[in-house]
Amino acid sequence: MKEKLIIGKFILALLMVMLITGCSTNQSSSSIGNKKEDDKAKDGGTLVIVRLADAENLDHHFMNTINAASVTHGKVYEGLVGRDKDAQIQPLLAKSWKEIDSKTWEFKLRDDVKFHDGTLFDASAVKKNFDRLLDPKVKAPRAGVFKMVSDVKVIDEFTVQFILDEPFAPLLSILASHEGGIISPNAIEKFGKNIINEPNGTGPFSFESWTPGQEIVLAKNEQYFGDKAKVDKVIFKIVPEETTRTSMIETGEAHIAEPLSVTMMDTVDASSAMEVYRSEGFGTEYIGFNTEKKPFNDIRVRKAIAHAIEMDSIIKGVFNNVGKKANSLLGSQVFGYHEGLKAYDYNLNEAKRLLAEAGYPNGLKIILSTNDVKERVSLAEVVQSQLKGIGVDVEIQVFEAGTFIEKRNRGESQMFINSWRNATGDADYNQYNLFHSSSKGPAGNVFFYSNERVDQLVNAGRIESDPEKRLQIYAEAQELEMQDAVYVPVRVIENVAAVSKDVNGFKISAAGYLELNDVSIK
């Protein structure tokens with residue numbers, strides 16, 4: 001009896017332990033019970049991001065920088081499709097899609113989505129967006145990326161068709177980028193062909209306020225149809241001085257500082273309050289030439305400059321080996337990247353010969369423009385020093401980011417340091433925007449470059465459905481652009497930021513967008 005009693009007590013105790021353990025496990029993995037209240041208390045709060053520069057505008061049809069798009073893309077605005085954590089295309093506002101034929105794509109839309117103003121998301125809203133984007137009277141700089149769309153047809157309330165003038169292989173990749181973000185019809189009605197400065201979309205955050213030059217505030221969208229954001233509010237503060245940005249993390253005034261210069265990485269690593277975030281991006285950094293502006297309208301001058309820049313020492317000395325040396329304007333993760341492309345070798349004798357042939361045997365004076373990012377100013381200074389070796393006197397002009405962009409887009413720069421953060425992971429986004437003659441100026445071709453054969457190749461790459469043939473097309477295009485010495489590749493961009501150790505779930509996508517939906521603050 002005694003043994004049975006002991007065994008019985010043991011079994012009872014074991015059952016109680018299992019029951020307690022089982023209850024504990026269920027609470028931690030589900031969103032019900034007391035644990036849910038604990039999670040809400042731990043999530044919440046205000047995420048403060050301090051940034052170098054303000055957005056130039058908050059209208060996806062007019063945005064020319066990932067810096068601006070990072071504020072709204074995937075937060076305020078969303079597209080028919082998006083990308084998962086592995087950069088693969090996934091349904092978003094569209095539940096599914098199919099190619100009816102090579103020129104017709106049909107999308108079945110979600111029926112449970114509302115814009116932040118309460119308007120129902122439906123097929124008519126999609127049509128209104130693309131009608132505005134493609135309207136010549138609106139003059140949207142991003143219209144060119146959807147140039148192939150001749151019409152968007154409403155089939156029924158939640159079915160829409162994109163009718164193309166010609167096949168367009170990378171359509172989904174464009175729809176997943178910020179250009180494909182869907183704006184509330186009410187906002188379009190209110191602002192028309194003017195730039196929208198009160199963004200209104202379907203995303204996990206809604207727009208609250210914008211004080212230009214100071215801050216942009218977003219609030220959690222409690223009615224969001226998907227997984228809701230974990231923080232209650234996001235404030236993007238504009239803080240031009242980098243030491244101030246990182247100090248704000250130390251003092252608890254901010255949680256994320258970006259971009260982070262390579263010169264500050266050791267300081268951040270040594271801090272007990274923050275750490276360095278790094279991830280390879282789709283984009284690249286480069287030195288560009290305005291091919292329509294003297295002296296760089298002469299290919300010999302461009303080639304001479306390319307031969308006179310010693311890039312290995314720049315990657316090590318300026319960038320501390322953050323971001324590998326580039327050989328193209330396509331990052332190595334981008335579809336269409338040409339691994340075998342050869343940049344110009346370091347050859348001072350050839351550089352001097354080319355300058356003399358171009359009519360500058362005694363050298364010349366040029367202006368090199370950059371924005372006020374530390375590494376770019378340092379890069380400009382090194383280039384200035386290196387070009388003295390071939391008799392080129394370089395005047396460096398440093399501008400605030402917005403001013404730099406405006407001058408570059410208007411073609412006022414001679415030679416400039418720039419970057420291109422590919423938003424789609426497809427070569428077309430680089431090739432059409434940066435090198436097609438129809439994209440000169442704000443659309444992306446700030447080289448003001450024109451080559452009939454390159455135009456033909458870029459057009460061919462857009463309509464070719466065979467991936468292997470597309471790779472061959474883009475390889476030839478990159479070879480021609482290098483032969484024409486349109487730019488000097490510098491490095492593949494790494495996304496680098498300083499992040500508080502109290503922050504979990506922060507990520508920067510390969511395209512360069514800040515991803516905040518999973519961010520929580522300890």
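**Note on a predicted single-chain model**

1. Among contacts (heavy atoms within 4.5 Å) between residues at least 6 apart in sequence, 70% join residues at least 24 apart in the protein chain.

2. Ground rules. This is a predicted model, where local features need pLDDT of at least 70, side-chain atom pairs count only at pLDDT 80 or more, and totals for chains, interfaces and linings use all residues. Residues are numbered from 1 along each chain as its sequence is written, and side-chain values use heavy atoms, leaving out hydrogens and water.

3. Overall build. The protein chain has 16 helices and 20 strands. These are DSSP runs, numbered from the N terminus: helices are H or I with at least four residues, strands are E with at least two. Along the principal axes, the C-alpha atoms fill a box of roughly 110 × 60 × 45 Å.

4. Burial. Of the 522 residues, 53% are buried. Buried means under 20% relative accessible area, exposed over 50%, and partly exposed in between (1.4 Å probe, protein chains only).

5. Cores. The largest nonpolar core holds 102 residues; Leu47, Phe107, Leu109, Phe162, Phe447 and Phe506 touch the most other members. A second, separate core has 32 residues, including Phe296, Ile314, Leu387 and Val490. A nonpolar core here is a set of buried Ala, Val, Leu, Ile, Met, Phe, Trp, Tyr and Cys residues joined through side-chain atoms within 4.5 Å.

6. Phenylalanine 447 and its neighbour in number. Leaving aside residues within four places in sequence, phenylalanine 447 contacts Tyr286, Phe416 and Val486, among others. Phenylalanine 448 has a positive phi, near 50°, though it is a residue other than glycine. Phenylalanine 448 lies in the loop between helix H14 (427–435) and helix H15 (452–463). It is buried, at 13% relative accessible area.

7. Valine 231. This residue sits in the loop between strand S9 (215–220) and strand S10 (233–238). Not counting residues up to four places away in sequence, its contacts include Leu47, Phe205 and Ile521.

8. Two cis peptide bonds deserve a look. One runs from glutamate 258 to proline 259, with omega near 0°; proline 259 is in the loop between strand S11 (256–258) and helix H8 (265–269). Another joins lysine 294 and proline 295, with omega about 0°.

9. Asparagine 321. Its phi is positive, about 60°, although it is not a glycine. Asparagine 321 is partly exposed, with a relative accessible area of 49%.
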